[in-house]
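User: I would like to learn how to read some features of a structural model. Please give the general idea each time, and then the case at hand.

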Amino acid sequence: MARVQLVMPDEDRDRYVEQARREGLSFSAWLRCAARERLEARQSATRFESPAEVREFFRALERMDGPETEPDWSEHLRVLGEARRRGAAPA
């Protein structure tokens with residue numbers, strides 16, 4: 001088995017060790033698991049094989065239900081302003 005040395009900020013190490021403890025894993029096992037999960041997530045993404053697949057992807061998106069038009073910028077700002085006044089969004 002290979003040995004790997006990492007350099008990281010102390011506060012990151014402390015957070016990772018605490019999370020590993022909560023999950024009942026050693027720090028090494030937790031790091032291996034996190035790396036494996038990240039690798040699997042990135043490898044599972046399917047890639048388009050041809051320009052035709054890209055075109056079909058966007059055609060499928062167009063067929064999905066959704067609003068016919070996007071709200072204009074002033075509407076977005078109004079909604080954000082209301083949320084901030086209610087305390088539902090950071091200022």
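User: How exposed is arginine 78?

Analyst: The model is predicted. Exposure is read from the relative accessible area, with buried set at under 20% and exposed at over 50%. Arginine 78 has 39% relative accessibility, so this residue counts as partly exposed.

User: With which residue does arginine 78 form a salt bridge?

Analyst: A salt bridge needs a side-chain nitrogen of Lys or Arg within 4 Å of a carboxyl oxygen of Asp or Glu. For arginine 78 the partner is glutamate 82, and their closest N and O atoms are 2.3 Å apart. Glutamate 82 is partly exposed as well, at 29% relative accessibility.

User: Where do arginine 78 and glutamate 82 lie?

Analyst: Both belong to helix 4, which covers residues 73-86. They are four residues apart there, about one turn of the helix.

User: How many salt bridges does the structure hold?

Analyst: There are eight. One of them joins the side chains of arginine 22 and glutamate 18, at 3.5 Å from N to O. These two residues are four apart in helix 1 (residues 10-22), so about one helical turn separates them. Arginine 22 has a relative accessible area of 55% and is therefore exposed, whereas glutamate 18 is partly exposed at 30%.

User: Which residues are linked with Glu18 in a network of salt bridges?

Analyst: The network links Glu18 with Arg21 and Arg22.

User: What is the N to O distance in the salt bridge of arginine 13 and aspartate 14?

Analyst: The distance between their side chains is 3.4 Å. Arginine 13 is partly exposed, with 40% relative accessibility. Aspartate 14 also falls in the partly exposed class, at 45%.

User: Which residues line the largest pocket?

Analyst: Arginine 13 is one of them. The pocket holds about 400 Å³ of space.

User: Which helix gives the most to that lining, and how is the lining of the largest pocket made up by class?

Analyst: Helix 2, residues 27-43, gives the most, with four residues. By class, seven lining residues are nonpolar, one is polar and three are charged.

User: Which residues make the nonpolar surface patch?

Analyst: To join such a patch, a residue needs over 30% relative accessible area and no salt bridge. Here Phe48, Phe57, Phe58, Leu61 and Met64 make a nonpolar patch of about 510 Å². Phenylalanine 57 sits in helix 3, residues 51-63. Its relative accessibility is 38%, so phenylalanine 57 counts as partly exposed.

User: How far apart in space are alanine 34 and arginine 84?

Analyst: Separation can be given along the sequence and in space. Alanine 34 and arginine 84 are 50 residues apart in sequence, and their C-alpha atoms are 36 Å apart. Alanine 34 is part of helix 2 and is partly exposed, with a relative accessible area of 32%.

User: What separates the C-alpha atoms of glutamate 82 and proline 51?

Analyst: The distance is 43 Å, for two residues 31 apart along the chain. Glutamate 82 is the helix 4 residue that forms the salt bridge with arginine 78.

Methods: Residues numbered from 1 in each chain as written. Predicted model: local features only at pLDDT ≥ 70, side-chain atom pairs only at ≥ 80, totals over all residues. Heavy atoms only, no water. Buried < 20%, exposed > 50% of the residue type's maximum accessible area, 1.4 Å probe, protein only. Patch = residues over 30% accessible without salt bridge, like charges linked within 9 Å, V, L, I, M, F, W, Y side chains within 5 Å. Areas by Shrake-Rupley, 256 points an atom, 1.4 Å probe, with all protein chains shown as cover. 1 Å grid on protein atoms, 1.4 Å probe; cavity = no way out; pocket = protein on both sides within 12 Å on 5 of 7 lines; lining within 4 Å. Points joined across faces, edges and corners; volume = space filled by probe spheres on them. Nonpolar A, V, L, I, M, F, W, Y, C, P; charged D, E, K, R; others polar.
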